[in-house]
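Morning, everyone. I have one chain to walk you through today. Let me put it on the screen.

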Amino acid sequence: RERYYGVIPVAPSLTGLRERVAETDAARLRELARLNASHFAAHADLPAILGDAALEPWNRAATQPSPKRPRLSSSAVAAAAPAAASAAAAPTTTAFQPKPREAVAKVACAQGAKKRGGG
């Protein structure tokens with residue numbers, strides 16, 4: 001089964017970062033990690049990604065809550081990453097609206113994706 005969760009455009013400030021990690025200081029890497037997280041969150045349907053992952057039968061069967069680890073609430077997760085949460089895009093009141101296939105293909109081609117044949 002496949003689902004569309006959004007298209008993440010290239011972020012110019014993150015381009016080539018993987019090759020520069022060794023020479024980038026830790027503080028700058030943390031800043032870029034926050035930027036990457038907020039950029040991804042602004043363009044992807046995170047509730048659908050997490051919801052589908054939680055509902056996937058394989059994931060439910062493969063993982064059981066550990067009695068040794070406390071369960072984290074969404075507020076605890078947000079408190080653990082306040083910088084990432086504050087850097088995220090402002091929440092909207094509308095549901096995620098996927099772009100038409102043609103628009104996605106146009107952006108992907110503009111960023112170097114190869115054209116696929118067929119439907």
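Along the sequence, the pattern reads α-α-α-α-α-α-α. That is seven helices and zero strands. Helices here are DSSP runs of H or I with at least four residues, strands are runs of E with at least two, and numbering starts at the N terminus.

A word on the source. This is a predicted model, where local features need pLDDT of at least 70, side-chain atom pairs count only at pLDDT 80 or more, and totals for chains, interfaces and linings use all residues. Residues are numbered from 1 along each chain as its sequence is written, and side-chain values use heavy atoms, with hydrogens and water left out.

Now the overall numbers. The chain has 119 residues, and 10% of them are buried. Buried means under 20% relative accessible area, exposed means over 50%, and partly exposed lies in between, with a 1.4 Å probe and protein chains only. The accessible surface comes to about 9800 Å², and carbon and sulfur atoms hold 60% of that. Those areas come from the Shrake-Rupley method with a 1.4 Å probe; for residues, only the protein chains shown count as cover.

Next, contacts, meaning heavy atoms within 4.5 Å. Take the contacts with a separation of 6 or more: 68% of them join residues 24 or more positions apart.

On to salt bridges. How many does the chain have? The count comes to two, where a salt bridge is a side-chain nitrogen of Lys or Arg within 4 Å of a carboxyl oxygen of Asp or Glu.

Is aspartate 52 buried or exposed? Aspartate 52 is buried, at 14% relative accessible area. Arginine 3 has 48% relative accessibility, so it counts as partly exposed.

The other pairs arginine 28 with glutamate 31, closest N and O atoms 2.5 Å apart. Both residues lie in helix H2, three residues apart, about one turn of the helix. Arginine 28 is partly exposed at 33%. Glutamate 31 is partly exposed too, at 44%.

Stay on helix H2 for histidine 39. Its relative accessible area is 15%, so histidine 39 is buried. What does histidine 39 touch, leaving out residues up to four places away in sequence? Ile8, Pro9, Val10 and Ala11.

Phenylalanine 40 is also in helix H2, which spans residues 26–43. Phenylalanine 40 is partly exposed, because its relative accessibility is 36%. With Ile8 and Leu46, Phe40 forms a nonpolar patch on the surface, about 210 Å² of accessible area together. Patches take residues with over 30% relative accessible area and no salt bridge; like charges are joined within 9 Å, and nonpolar side chains (Val, Leu, Ile, Met, Phe, Trp, Tyr) within 5 Å.

Last stop, lysine 99. Where is lysine 99? In the loop between helix H6 (82–87) and helix H7 (101–110). Lysine 99 is partly exposed, at 48% relative accessibility. Leaving out residues up to four places away in sequence, lysine 99 touches Tyr4 and Val104.
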